[in-house]
Amino acid sequence: MGTVMSMYAANWPPKAKWSVENIPDLSGKVIIVTGVRKQRHRGRDVKALLSKNAKVYIASHNKARVEATIQALKGVTDNEALFIDLDLASLSSVKAAAETFKKLESRLDVLINNAGVMIPDPKALTAEGYDLQFGVNVVGPYYFTRLLIPQLEAAGSSRVVTLTSHGHILVNGINWDTITDGPERQSTKPLDLYNQSKFANVVVANEFARRYGDKGIVSSSVHPGLIVTNLGRTMSPTVVKIVGYLSYNAAQGALTSLWAATAPETADANGKYLVPWARIGSPHAGTSDPELGTKLWTWLEEQTKDVK
């Protein structure tokens, strides 16, 4: 399938055959969702999980907004999510968030790496000096997941769902010279940097699948679709308006990640790439390159080995 047809099929899919009503009862399940900000946006997946009696932690850096979402969702589900302070642009914050969770829970059934940033100020970097999109979308989620491996293993059968974008097929790999600031990064289009981070998301999800699949952890990557959310909060109003016209709503956007996280039929989706609405898709072939997976994993280990 050519690039144009692949993008069309991924972003304007056939009608869904699976819905949130198909989510089984989640009583006793402990779930973390990162990056929820507002009920009308990513709070939709938390709402569905709470409605099925899961114990849900929302990990985010914006406490006031998340607490407002928690109260709004409590009003419609009669269940209350919990807040964990997590700033993916700071590895020290990521470490502290994982340590906070470990003090509260001995197991983790599902981790949904949902948080992300898209086309921010080109000058924006993380606390450690990474390109903001690569740092928030890739380095931070990798480190958070790695730190929570003991809790994921303790669940016996757990899932890690990593949000990506089908835009990852528009790049052909990782330009290592753009991950930190310098002439190469500064001359690269912000959208290309975003798509590169989403390419890396699939690579990392596949590597988690290879390394921990035999330990009861199912790792998949999910393209949620072309969705109206606040992910584009750093984009220009004109671009946001155009994208909004072509997009689906946030409730539809949560569907595939919820399928990956809860459906019995995705219990064997280790290493799979999921697309709207609740289907198995085909990522860029390069994301399955084991040599690239090992190289990126080794680089990420090196970057996070001495976090204070």
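In the predicted model described here, Phe199, Ala200, Val203, Val204, Glu207, Phe208, Arg210, Arg211 and Tyr212 of helix α8 meet Pro290, Leu292, Gly293, Thr294, Leu296, Trp297 and Leu300 of helix α11, a contact being defined by heavy atoms within 4.5 Å. The residues of this contact divide into 11 nonpolar, 2 polar and 3 charged, where Ala, Val, Leu, Ile, Met, Phe, Trp, Tyr, Cys and Pro count as nonpolar, Asp, Glu, Lys and Arg as charged, and the others, Gly among them, as polar. The axes of α8 (residues 190–212) and α11 (residues 290–304) come within 9 Å and cross at roughly 95°, axes being lines fitted to C-alpha atoms, for helices over the stretch in contact, with angles from 0 to 180 degrees between N-to-C directions.

Residues are numbered from 1 along each chain as its sequence is written. Local features need pLDDT of at least 70 and side-chain atom pairs count only at pLDDT 80 or more, while totals for chains, interfaces and linings use all residues, and side-chain values use heavy atoms, with hydrogens and water left out.

The secondary structure of the protein comes to 11 helices and 8 strands, taken as DSSP runs numbered from the N terminus, with helices (H or I) of at least four residues and strands (E) of at least two. Of the 308 residues, 55% count as buried, meaning under 20% relative accessible area, with exposed set at over 50% and partly exposed in between (1.4 Å probe, protein chains only). Among contacts with a separation of 6 or more, 78% come from residues 24 or more positions apart.

The 8 strands form an open sheet of mixed pairing in the order β3-β2-β1-β4-β5-β6-β7-β8, two strands being paired if DSSP finds at least two bridges between them. Strands β3 (82–85) and β8 (279–280) stand at the edges with a single partner strand each, so one side of each is left without a neighbour in the sheet. Strand β1 (residues 30–34) runs parallel to β4 and is joined to β4 by 3 bridges, with Leu111 in β4 as the bridge partner of Ile32. Helix α5 (residues 132–147) packs on the sheet, where α5 touches β1, β4 and β5, and the direction of α5 makes about 170° with that of β4.

Strand β5 (residues 158–163) is mostly covered, with 6 of its 6 residues buried. Ser158, Val160 and Thr162 point one way from β5, and Arg159, Val161 and Leu163 point the other way. Strand β4 (residues 110–113) is joined to β5 by 4 bridges in a parallel arrangement, in which Thr162 is the bridge partner of Asn113. A further 6 bridges join β5 to strand β6 (residues 217–222), again running parallel, and here Arg159 stands opposite Val218.

Two other helices were also examined. In helix α2 (residues 43–51), the buried residues are Gly43, Asp45, Val46, Ala48, Leu49 and Leu50, and just after α2, Asn53 takes a positive phi of about 75°. Ser93, found in helix α4 (residues 91–104), counts as buried because its relative accessibility is 15%. Not counting residues up to four places away in sequence, Ser93 touches Asp85, Leu86 and Asp87.
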